[in-house]
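Me: I have a structure to look at, and I want to know what backs up each label. Can we go through some of them?

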Amino acid sequence: KFSCFFILFVFLCLQNLCGTFDNILLTLCVMKILLKILFVAVIVETTLSVSSVKPVNGVSSTTVSIGNDALFQWNIVLENGDQDVGLKLLNGTTELWTQQWGKVSVEGKALFKDRLTVEKSVTYLKATIKNVDFNDSTIELRITGAILDNGFTKLSDIDSTISLIVQGGPLYCGEDLESKYIVGWNATPRFKLCIQSNPAPEISYTFPSSSESSVKSMVTGPSRDNQYTIEFELPPIAAVNCGRELLYTITSPNLQGSIPLTGRSTIILTDFPLDVTISSFSYENKVPKVVWKEIEAGLCSNKIAYYIEAAITKGPVTGTSLLIDEMGQEQTQILMWAEYDSPTGKKIGSKTDFAFNKTTTKTTTTSVPSATKDEKRSWLGIGIVVGLVIGLLLALVIFYIVRFYQRQNNTKGNQPSEFGEKGPTYEGVKDNVIVNTESTNGQDYEFVADHGNSKRANAVTNQELNAISPSDFTYTKLQGKSH
């Protein structure tokens, strides 16, 4: 409208300036030029229309940590009465929301359940997906539609996409390692883990090994939903590593708040060499003794038992030496072998044969054999019995010594002369008998009443004895008795 009024104003001014009709041709030429300018201006105005629907800050993706909500937002700018029409929100080819219905579609609810919400105003369109996880990593929300002017002429198309990037991990997307792996001797176990992580995961290992080669590992991915495959191989398992633990740690580097995954697995061998090496033979106090080297099998050594066959079969035997009491000193053949209690059944090693006799051995009394559990229990029982007997005898000796010194300390003066050597007489006694065992001269006396009117008395000293009337009491020394 402004352009039209401007052209009309210019035309009137030129007509007044020309003054005559002779200059009409010039006026028409000028009008032609002005119309061309107007046409170009209209085209430029249409092309440079400020009405638009664009992502906030012009982003093409949004990054969200696992477990958080993802927000997709487009700003809507409409000028000069322009309007947006036919807006649709899609994920791939699935319509999630339409401007016509103004709510999440059935397909959108089927895909996101109740996690998707869409909000539309004249200035923005917002889509929110709640509690995202790695399964949402493929989401790309796309908005389509058109902008029309107030004459319903399409000014531009709307087509804008925002992708979702999910960060987090590491998480297992499959089974973690088992707590125990049973493998053969000298095997090279291989393991595989599925890990979800963004950024890519890193893994470290700890495993004792007698081999110079280290753990070999490889990380491949990501595949869908930020899944990585971690494969690693242990060096050949030696007997000394039986029962040892493989420890591993998986991290998502440079990710704040990331919690590492840790695990451990015990490696158990089904078999290993069970060759017994006899290190020495000797006589220990005229008893044959055999000493052998322990088979090194790491933490599985307690599953190994040793057997010796001489006069009789001994076993299972623990330790590394044994006294063979039943064999005596006669020449004989000895067979020795080891057995391993394997998870897949008992494994028996080859038997070692040796002729045991005086000419092939030397006498030694300086070494102390490693006793078996039965021998240790026998010696412990004998020690307890001997200790009890010695303790009882010592108590009796102490008792008699104390008794002797008590009597010595209580001895004062000599035996009273009025005591008669009548010997023990108890017959015909009708009255009370009074016994005093604390006599002053270490003797034992018995005081017996001779008639019914007797007195009760205790005498310890000579004076007390003399105070008792001889007519009332007689004193009889007890021969060989203690009271």
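Predicted model: local features only at pLDDT ≥ 70, side-chain atom pairs only at ≥ 80, totals over all residues.

Me: What makes E17 and strand E18 a pair?

Reply: Pairing takes at least two bridges. E17 and E18 (residues 287-292) have six, in the antiparallel sense. Ser-282 stands opposite Lys-289 in E18. The two strands form a hairpin, with two residues between them. In that turn, Asn-285 has a positive phi of about 55 degrees.

Me: How do you know that Cys-173 and Cys-194 form a disulfide?

Reply: The sulfur atoms must lie within 2.5 Å. Here S to S is 1.8 Å, so the pair counts as a disulfide. Cys-173 is in the loop between strand E9 and E10, and Cys-194 is in strand E11, so the link ties together parts 21 residues apart in sequence.

Me: Why is Cys-173 called partly exposed?

Reply: Buried means under 20% relative accessible area, and exposed means over 50%. Cys-173 has 27%, so it falls in between. Cys-194, at 21%, is also partly exposed.

Me: What makes Cys-242 and Cys-300 a disulfide?

Reply: The cut-off is again 2.5 Å. Their S to S distance is 2.0 Å, so they qualify. Cys-242 and Cys-300 sit 58 residues apart, in distant parts of the chain. Both are buried.

Me: Why is the disulfide of Cys-242 and Cys-300 called left-handed?

Reply: Because the torsion about its S-S bond is about -70 degrees. The link of Cys-173 and Cys-194 is left-handed too, with -100 degrees.

Definitions and conventions: Residues numbered from 1 in each chain as written. Heavy atoms only, no water. Helix = DSSP H or I, 4+ residues; strand = E, 2+ residues; numbered from the N terminus. Buried < 20%, exposed > 50% of the residue type's maximum accessible area, 1.4 Å probe, protein only.
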